[in-house]
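Here is a short briefing on helix packing and sheet layout. Take the structure first, then the notes.

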Amino acid sequence: MPKGKLFNLSADILQKVGWTAEGLSEKSRKLVITNEEARLKFIITKTADVPTYVEHGAADIGIIGKDVIVESEKNVYELLDLGFAKCHLMMAVPKDKKRARLEDYAHTRVATKFPRIAENFFVSRGMQMEYIKLNGSIELGPIVGLSESIVDIVETGTTLRENNLEEIVSIMDSTARLIANRVSYKLNYQRIDNLVTDLEKILKS
Ligand code: PRP
């Protein structure tokens, strides 16, 4: 289970299919919460670490955004698009310093939490950039002169607006996904497949 914005949405949908445990809350300081009767163990971790736990089999399955999966480059099996946590990854710049073309930003600094996705994108456009990795409040980068642009997530657009930034190009769409460890998926096929079927029913309804 990822902490942050995704936690409640993930807990809600899992609860609807009967996957829950007493005390399962983002506020819990307990990192592993067990439901013995249902043979479930929930691990609560930082968003960016979810693919790591799943790739290594420390967690059999996980819920995480497509953006984080792609950035992590972890070898996990993507089982289901859960549809929620809809957002997109884009490049934005200060409104008052907007350049005419995307290529005009070549060789400038870009602040981002997603340096791999950003680099793949700019390389595909033949652009060399300087990447500055930040862990949050990415929008600050151009405001304080740390970078000329940002590559970040937009959900409602409020953060961009409130910081006088403007999207100039969309890079990828993202929603929450159910992922599985490749070996766990084979070993627990029936149980995981039942979960996927139940979740699909909930999503359709
Ligand atoms: C994310 C993202 C943007 C904001 C976008 O940040 O990095 O800052 O949400 O949402 P909006 O378009 O609805 O305004 P988050 O809240 O996860 O915090 P962080 O920047 O500290 O990672």
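Angles under 35 degrees count as roughly parallel, over 145 as roughly antiparallel, 65 to 115 as roughly perpendicular and the rest as oblique. This is a predicted model, where local features need pLDDT of at least 70, side-chain atom pairs count only at pLDDT 80 or more, and totals for chains, interfaces and linings use all residues. Residues are numbered from 1 along each chain as its sequence is written, and side-chain values use heavy atoms, without hydrogens and water.

**Helix pair**
- Helix H1 (residues 5-16) packs on helix H8 (residues 189-204) at about 105°, with the axes 9 Å apart.
- H1 and H8 are therefore roughly perpendicular to each other.
- Axes are lines fitted to C-alpha atoms, for helices over the stretch in contact, and angles run from 0 to 180 degrees between N-to-C directions.
- Helices (H or I, at least four residues) and strands (E, at least two) are DSSP runs, numbered from the N terminus.
- Ile13, Leu14 and Lys16 in H1 meet Leu195, Leu199, Ile202 and Leu203 in H8; contact means heavy atoms within 4.5 Å.

**Sheet**
- Five strands make an open, mixed sheet, ordered S7-S6-S8-S5-S9; two strands pair if DSSP finds at least two bridges between them.
- Strand S7 (130-133) and strand S9 (165-174) are the edges, each pairing on one side only.
- Neighbouring strands are turned by 25° on average, direction ignored.
- Strand S6 (residues 109-112) runs parallel to S7, joined by four bridges.
- Val110 stands opposite Tyr131 in S7.

**Helix on the sheet**
- Helix H4 (residues 115-124) lies across strand S5 (87-94), S6, S7, strand S8 (149-154) and S9.
- H4 runs at about 165° to S7.
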